[in-house]
Amino acid sequence: MIEIRWHGRGGQGAITAAKIVANGAFVCGYKGVVMAPTFGTERRGAPVFTSLKISREKIYDLSPITTPDMVVVLDRTLLAEVDVVAGLKDNGLVILNAPPPASSYDFGNARVAVSDVTTHGVEAGLPPGIVNSGIIGAFAKASGLVDIDTLSRAIEEEFAGKKPELNARAARIAYEHTFIGE
């Protein structure tokens with residue numbers, strides 16, 4: 001089982017991004033896919049997180065993720081407010097919306113992947129601040145768990161009627177411009 005924790009700010013679409021990846025993982029043959037959004041006293045701009053578990057076998061453990069294999073961060077300013085790597089397993093992976101190089105970020109023995117998703121979204125034609133589609137592309141490249149074509153289709157389905165082609169393009173641009181550190 002692979003446990004992924006997604007960190008963002010209220011309104012950035014971290015929950016939607018995790019949902020899209022969950023749908024793509026299921027299409028790719030993962031039999032166990034569990035997404036557990038966290039709701040509380042959230043408000044636009046406040047730190048939020050959601051959990052996603054994927055497995056080739058059914059998942060019976062629905063408990064919250066405390067020791068993720070991966071952490072996905074939609075907004076690097078969260079690094080000053082939230083311990084996004086709390087509980088991250090040894091040699092875990094941090095996927096960060098941030099400009100390269102990956103070596104600019106140190107999370108102990110975690111591997112780091114970066115993509116300037118904010119810039120790539122604008123390049124794709126989305127309004128500034130739309131980062132959830134792009135971070136999916138960075139996730140695809142850094143994790144290798146679900147291919148970008150499947151995730152692009154899942155993005156287009158999720159955003160039908162809401163610029164699906166631009167959202168899928170943002171994911172593909174971020175995918176091509178994701179840099180993984182040593």
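This is a predicted model: local features need pLDDT of at least 70, side-chain atom pairs count only at pLDDT 80 or more; totals for chains, interfaces and linings use all residues.

Modeller: Let's start with G121, which lies in helix α2.

Colleague: Why does G121 count as buried?

Modeller: Buried means under 20% relative accessible area. G121 has 2% relative accessibility, so it counts as buried.

Colleague: What is G121 in contact with, leaving aside its neighbours within four places in sequence?

Modeller: Its partners there are L126, I130 and A170. As for R172, 51 residues apart from G121 along the chain, the two C-alpha atoms are separated by 9.9 Å.

Colleague: Which residues of α2 are buried?

Modeller: In α2, residues 117-124, they are V117, H120, G121 and A124. Seen down the helix axis, these buried residues fall within an arc of 105°, so they line one face of α2. Their cover includes β5 (93-97), β6 (111-115), α3 (132-143) and α5 (164-176). After α2 comes G125, with a positive phi near 105°.

Colleague: What makes α3 and α4 roughly antiparallel to each other?

Modeller: α3 and α4 (residues 148-158) pack at an angle of about 160°, with their axes 10 Å apart. Angles over 145 degrees count as roughly antiparallel, and the pair is therefore given that label. Their crossing is right-handed.

Colleague: Which residues meet where α3 packs on α4?

Modeller: From α3 there are S133, I136, G137, F139 and A140, which meet I148, L151 and I155 in α4. By class, this contact has 6 nonpolar, 2 polar and no charged residues.

Key:
Residues are numbered from 1 along each chain as its sequence is written. Side-chain values use heavy atoms; hydrogens and water are left out. Buried means under 20% relative accessible area, exposed over 50%, partly exposed in between (1.4 Å probe, protein chains only). Helices (H or I, at least four residues) and strands (E, at least two) are DSSP runs, numbered from the N terminus. The arc is that of the directions from the helix axis to the C-beta atoms. Contact means heavy atoms within 4.5 Å. Axes are lines fitted to C-alpha atoms, for helices over the stretch in contact, and angles run from 0 to 180 degrees between N-to-C directions. Angles under 35 degrees count as roughly parallel, over 145 as roughly antiparallel, 65 to 115 as roughly perpendicular and the rest as oblique. A crossing is left-handed if the near helix is turned anticlockwise from the far one by less than a right angle, and right-handed if clockwise. Ala, Val, Leu, Ile, Met, Phe, Trp, Tyr, Cys and Pro count as nonpolar, Asp, Glu, Lys and Arg as charged, and the others, Gly among them, as polar.
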